[in-house]
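I opened my notebook today to look around a protein model and write down what I found. Here are my entries, in the order I made them.

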Amino acid sequence: MRLKKFQLVFLSLLLVTLSAGTSAQKERDSKAAEEYQNRQRALSLILLDSKIKSLDDAPMRCLARIHLVESVLEQRVPDLKEHAISSGEACLEDIRRWPEEFDSTTKTWLKARLLRAVRKYTPDDARRLEKLADFHNEELAVADESDVLYGGDVEGPFNRLLARLRSGEIPVSTSIIISKLRERDPGRALEIMSQLLLVYESRGSNFEFENTLSFVPHEYLSDATPVEMKKRFLRLVVKLSSLSLQNPENQFVRNLSRNLLQVALPHFQSVAPELADTALALKATLDARQTDWERALQEINDRIGRSDDKLAQTIEEAKNAESEGFANQLWQRAAYIAVREKKFVIAVDSIMNVKQVSKSYDPRPYFIKQSIVPNAIKVDDLRGANYAISRLEQDVDKAEAVLLIGHHIAGREDPSSARKYLDDALELLEKVDPSAYKLNLLSQGVLLASRVDKENMERIAGLIVKNTNGLPSAPADVIRGSEGHREYIQKVLYGSGHNIAVAFARLAEADVELAGMYARGIDRKDLRLIAEISVEKFRKYPLPKVEDYQG
């Protein structure tokens, strides 16, 4: 009996050992196969660099190269990274050699995007590129802001922003980086906030056009901010308000200081009581110097502030406003309050009462798409979201909002309803003229279809190619390097190229053969090449025999 028990125990241990050995071998085989696929994809991507060289437009060569750099480095094949870096250097050389082809915005974003891609995978090479191409502070700031916003490196952007603040410079991205660091690294955020205060404290009377102060009061006055730092901020507000009284002609500083005082007043008594009377006196003096227009607006704000029902009072003030300018401000304010109170139908009706102030800018569809619909679906108020969509006038705006609802419903594991919203969005987009914006929405459609309706992938792929081939051409009289050519690249090709890269990556992830077939149908060589790079990232290659790639 003992021998039998011993044999059973021995056999059990043997089986466990064999199973562990088999599992370890499978893991090694899987890792080797993955490394093989990554190498094959990286090699194929590198070969596409020769096609990029033949593209006519320097900005599109640069965009394609950055896409190539990102795609090769993403494969994580150490001995091939130099090929990717070399392609990035070629982009920087194009910018240096053909400056007349790049408008300042496109150049900044291209260089920032390249820097971000290289920083992510090989920081040492990124530092070398910074020196090689003499990156300007604005280009570095854009890259840093993107890193902090989208989950990239924090330490590098933190150190660079701190260094620039210590030199007395306040980058435009400061408030955004502070806000995001409060979420990701609160200690570093406070260090930046302290240094920013030091810059202002040492400035004397020079606060001309300093917009950063407008966006940071809530950071300094939040419960998470140390009391001593709050006191420093409140002292700065008093200092700025006193300076504005000494220079009454400076409307910018006067408005800034009055707005800061308005926000800070409730905090003086508890944080810096010794300054409370001074702050109240300064506020009274600044109010007394208001223009008739400012005083009328202040009286409206005071009535709203005293009201128990601020939404109803704001709507009443908007209806009775003496000027269209007042009315527009108040209707927008009512819409914001209604969204906050989750009264989305009222929010829609309020924002639709805003009169379009110019042909180039209409705040109504933007607010509906960016605020009302997202907040309504967040609390499952589909009635409010659908009502908002019914008030939109342009099919392209409707399609964007419909896709938002579709993604939300897909997250609730309701594929049939999500498919209905996807079909509605595609029907709307089929009526919309080709544009980079439409490509972005079709890319969103690919993402939704991959979750709930893969059979619709081919329809969307066809729409993407049709839209791409229908993009407007540059006017015949536009010469490469001219202002008209730069504008065409920036408004039509650059955004389209980025959106095609995203769309075909999503298509290829779902069905690489389908994506490859449709990529070949794109007429423009540069946009076709960008699509091919996206597809190659997901290509699957036949594996050799196991013994050929086992380590």
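**Notebook: a walk through the chain**

I began with contacts, and among those with a separation of 6 or more, 69% join residues 24 or more positions apart. I am noting here that this is a predicted model.

Next I looked up the secondary structure and found 29 helices and zero strands. I then checked the overall extent: the C-alpha atoms fill a box of roughly 90 × 70 × 65 Å along the principal axes. Of the 551 residues, 48% count as buried. The chain exposes about 28100 Å², and carbon and sulfur atoms supply 51% of that area.

**Helix 3**

**The largest pocket**

How much space lies in the largest pocket? I read off about 1200 Å³. I found 41 residues in its lining, and Glu 70, Arg 113, Arg 116, Ala 117 and His 498 lie nearest the centre. Helix 3 is one of the elements that give two or more residues to this lining, and others include helix 5 (104–121) and helix 24 (436–452). Helix 26 gives the largest share, ten residues. Sorted by class, the lining of the largest pocket has 14 nonpolar, 13 polar and 14 charged residues.

**The second largest pocket**

I turned to the second largest pocket, which holds about 500 Å³ of space. It is lined by 19 residues, with Asn 259, Leu 297, Gln 298, Asn 301 and Arg 333 nearest its centre. The elements giving two or more residues here are helix 14 (251–271), helix 16 (292–306) and helix 18 (324–340). I counted the classes too: six nonpolar, eight polar and five charged residues line the second largest pocket.

**Lys 537**

My last stop was Lys 537, in the loop between helix 28 (525–536) and helix 29 (546–549). Is Lys 537 buried or exposed? Lys 537 counts as buried because its relative accessibility is 15%, and the cut-off for buried is under 20%. Leaving out residues up to four places away in sequence, I found that Lys 537 touches Arg 41, Ser 71, Glu 74, Gln 75 and Ala 505.

Methods
Residues numbered from 1 in each chain as written. Predicted model: local features only at pLDDT ≥ 70, side-chain atom pairs only at ≥ 80, totals over all residues. Heavy atoms only, no water. Helix = DSSP H or I, 4+ residues; strand = E, 2+ residues; numbered from the N terminus. Buried < 20%, exposed > 50% of the residue type's maximum accessible area, 1.4 Å probe, protein only. Contact = heavy atoms within 4.5 Å. 1 Å grid on protein atoms, 1.4 Å probe; cavity = no way out; pocket = protein on both sides within 12 Å on 5 of 7 lines; lining within 4 Å. Points joined across faces, edges and corners; volume = space filled by probe spheres on them. Nonpolar A, V, L, I, M, F, W, Y, C, P; charged D, E, K, R; others polar. Areas by Shrake-Rupley, 256 points an atom, 1.4 Å probe, with all protein chains shown as cover.
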